[in-house]
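User: I am new to this structure and would like a short tour. Could we begin with the terms?

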Amino acid sequence: MFDDLVLSSAHPTHTHKTWTVAASAIVQAVIVGVFILIPLLVTEALPKETVAAWITAPAPPPPPPPPPPKVQVVKQITPPMIQQGKLMAPTVIPKKVNIIKEEQPPPDVAAGVVGGVTGGVPGGSAGGVLGGIIGGTGGGPPPPPPKAPQTLRVGGNVQQANLIHQVMPVYPEIAKTAHIQGTVVLHAIIAKDGTVQELQYISGPPLLMRSAMDAVRQWRYRPTLLNGEPVKVDTTISVVFTLGG
């Protein structure tokens, strides 16, 4: 008996057969299949939430919101009333018509005296003519005489005749040593009283300029009259320097 139980006995006895192993595997497979198929066939025994989760697919995401509607801007084009210098008739009837009341202009008041013409001058004489044509008997003052110019342009030789006081220039020693001589031309503005008001150098030896200007500033002229009124004189003055003269 012990020899049958111990595998290391000298005379082992083989009790297992191939068919018993196959039969055992088939029985186990049937049992496992029964446990798997029972929940699938009998769905009432399973929780409803689990069955719904298995059968129902997840809901798709919500669609994006629709874009806002486009606002249509309607532009009302009003045709111009005046085209190419001509008044055109309106093509669209306006919704509102405004009534414009024009004020009546005041009545024309005839100027002048009784018996005058239309458009006469206030204070005119009876029987006068429109516009005061030459030959009428207008009693207005005569027009004033034209005003004399403020400055009179006179040549140097002409103005020399009005010279009443002349101071001779001093010959500079440096110019004598250098033997410099010549004519110094100056631009002068003579005042109404005959004095030299402005003096400017135009041309001539530079070494003689200062002596000439100092002497001319002391000159005096007879006042120049124009229409009986004294005026300023714009002229040129020439001062001649000669050695030994």
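Analyst: Strands, labelled E, are DSSP runs of at least two residues, numbered from the N terminus. Please note that this is a predicted model.

User: Which strand gives the largest share of the lining of the second largest pocket?

Analyst: That is E9, with 7 residues of the lining. Strand E9 covers residues 229-241, and helix H4 (156-160) also supplies at least two lining residues.

User: How many residues line that pocket, and which lie nearest its centre?

Analyst: The second largest pocket has 20 lining residues, and those nearest its centre are Gln166, Met168, Ser238, Val239 and Val240. The space in this pocket is about 350 Å³.

User: And what is the lining like by class?

Analyst: It has 10 nonpolar and 10 polar residues, with no charged ones.

User: Back to E9: which way does it run against E5, parallel or antiparallel?

Analyst: E5 (residues 182-190) and E9 are antiparallel, with 9 bridges. In this pairing Ala188 is opposite Thr235 of E9. Strand E3 (residues 151-153), by contrast, runs parallel to E9 and is joined to it by 3 bridges; Arg153 has Asp234 in E9 as its bridge partner.

User: What do E8 and E9 form?

Analyst: They form a hairpin with 2 residues between the strands, and Asn227 in the turn has a positive phi of about 60°. E8 (residues 224-226) pairs with E9 in the antiparallel sense through 3 bridges, and Leu225 is opposite Pro230.

User: Changing topic, which residues make the nonpolar surface patch of about 360 Å²?

Analyst: Ile26, Val30, Val34 and Ile38 make that patch. Of these, Val30 belongs to helix H2, residues 18-41.

Conventions: Residues numbered from 1 in each chain as written. Predicted model: local features only at pLDDT ≥ 70, side-chain atom pairs only at ≥ 80, totals over all residues. Heavy atoms only, no water. Patch = residues over 30% accessible without salt bridge, like charges linked within 9 Å, V, L, I, M, F, W, Y side chains within 5 Å. Areas by Shrake-Rupley, 256 points an atom, 1.4 Å probe, with all protein chains shown as cover. Salt bridge = Lys/Arg side-chain N within 4 Å of Asp/Glu carboxyl O. Helix = DSSP H or I, 4+ residues; strand = E, 2+ residues; numbered from the N terminus. 1 Å grid on protein atoms, 1.4 Å probe; cavity = no way out; pocket = protein on both sides within 12 Å on 5 of 7 lines; lining within 4 Å. Points joined across faces, edges and corners; volume = space filled by probe spheres on them. Nonpolar A, V, L, I, M, F, W, Y, C, P; charged D, E, K, R; others polar. Pairing = 2+ DSSP bridges.
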